Amino acid sequence: QVQLVESGGGLVQPGGSLRLSCAASVMIVSFYAMGWYRQAPGKQREWVAYITRGGRINYVDSAKGRFTISSDNAKNTVYLQMNSLKPEDTAVYYCSADASPSSVLPDYWGQGTQVTVSS
């Protein structure tokens with residue numbers, strides 16, 4: 001059974017940094033892609049970043065230049081380094097995994113980790 005476990009969330013001041021981790025219970029190279037989504041209170045869940053098995057990376061416009069997604073295949077872990085955090089980045093962040101290129105939505109989700117950006 002696939003499990004994705006996020007960690008690294010917390011409270012940070014505006015301008016600060018956090019690094020989220022997502023540990024998978026299986027080899028992450030078995031997924032076509034892994035990514036991060038977030039959901040702020042009262043808003044729909046939105047995609048933030050993804051990294052494919054082949055190393056292709058993309059970000060939502062609001063994250064470009066501030067967030068960096070990376071993976072460590074040996075540790076079966078995906079990371080999201082978040083710098084220059086803003087209050088509008090406050091949300092529950094979810095790790096995701098797509099089983100194949102044809103996945104319309106992620107096939108697997110983590111339980112989420114809270115990120116709060118506030119002074």
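Student: How many nonpolar, polar and charged residues does the lining of the largest pocket have?

Tutor: In this predicted model, the lining of the largest pocket has 11 nonpolar, five polar and two charged residues. The pocket holds about 230 Å³ of space. Among the 18 residues that line it, Y32, A33, Y37, Y50 and D98 are the closest to its centre.

Student: Which strands each supply at least two residues of that lining?

Tutor: They are β4 (33-39), β5 (46-52) and β9 (91-98).

Student: Why is the link between C22 and C95 called a disulfide?

Tutor: The two sulfur atoms must lie within 2.5 Å. Those of C22 and C95 are 2.0 Å apart, so the pair meets the cut-off. A search of the whole structure finds one disulfide.

Student: What makes this disulfide left-handed?

Tutor: The torsion about the S-S bond of C22 and C95 is about -75 degrees, and the disulfide is therefore left-handed.

Student: Which parts does the pair tie together?

Tutor: C22 lies in strand β3 (residues 18-24) and C95 in strand β9, so the pair ties together parts that are 73 residues apart in sequence. Both cysteines are buried, which means that each has under 20% relative accessible area.

Student: Which residues of the largest nonpolar core touch the most other members?

Tutor: Of its 29 residues, these are M34, W36, V48, F67, L80, M82 and Y93. Elements giving two or more residues to this core include β3, β4, β5 and β9.

Note on methods: Residues are numbered from 1 along each chain as its sequence is written. This is a predicted model: local features need pLDDT of at least 70, side-chain atom pairs count only at pLDDT 80 or more; totals for chains, interfaces and linings use all residues. Side-chain values use heavy atoms; hydrogens and water are left out. On a 1 Å grid over the protein atoms alone, a cavity is a set of points where a 1.4 Å probe fits but cannot get out, and a pocket is an open set with protein on both sides within 12 Å along at least five of seven lines; lining residues have an atom within 4 Å of a point. Grid points are joined across faces, edges and corners, and a volume is the space filled by probe spheres set on the points. Helices (H or I, at least four residues) and strands (E, at least two) are DSSP runs, numbered from the N terminus. Ala, Val, Leu, Ile, Met, Phe, Trp, Tyr, Cys and Pro count as nonpolar, Asp, Glu, Lys and Arg as charged, and the others, Gly among them, as polar. Buried means under 20% relative accessible area, exposed over 50%, partly exposed in between (1.4 Å probe, protein chains only). A nonpolar core is a set of buried Ala, Val, Leu, Ile, Met, Phe, Trp, Tyr and Cys residues joined through side-chain atoms within 4.5 Å.
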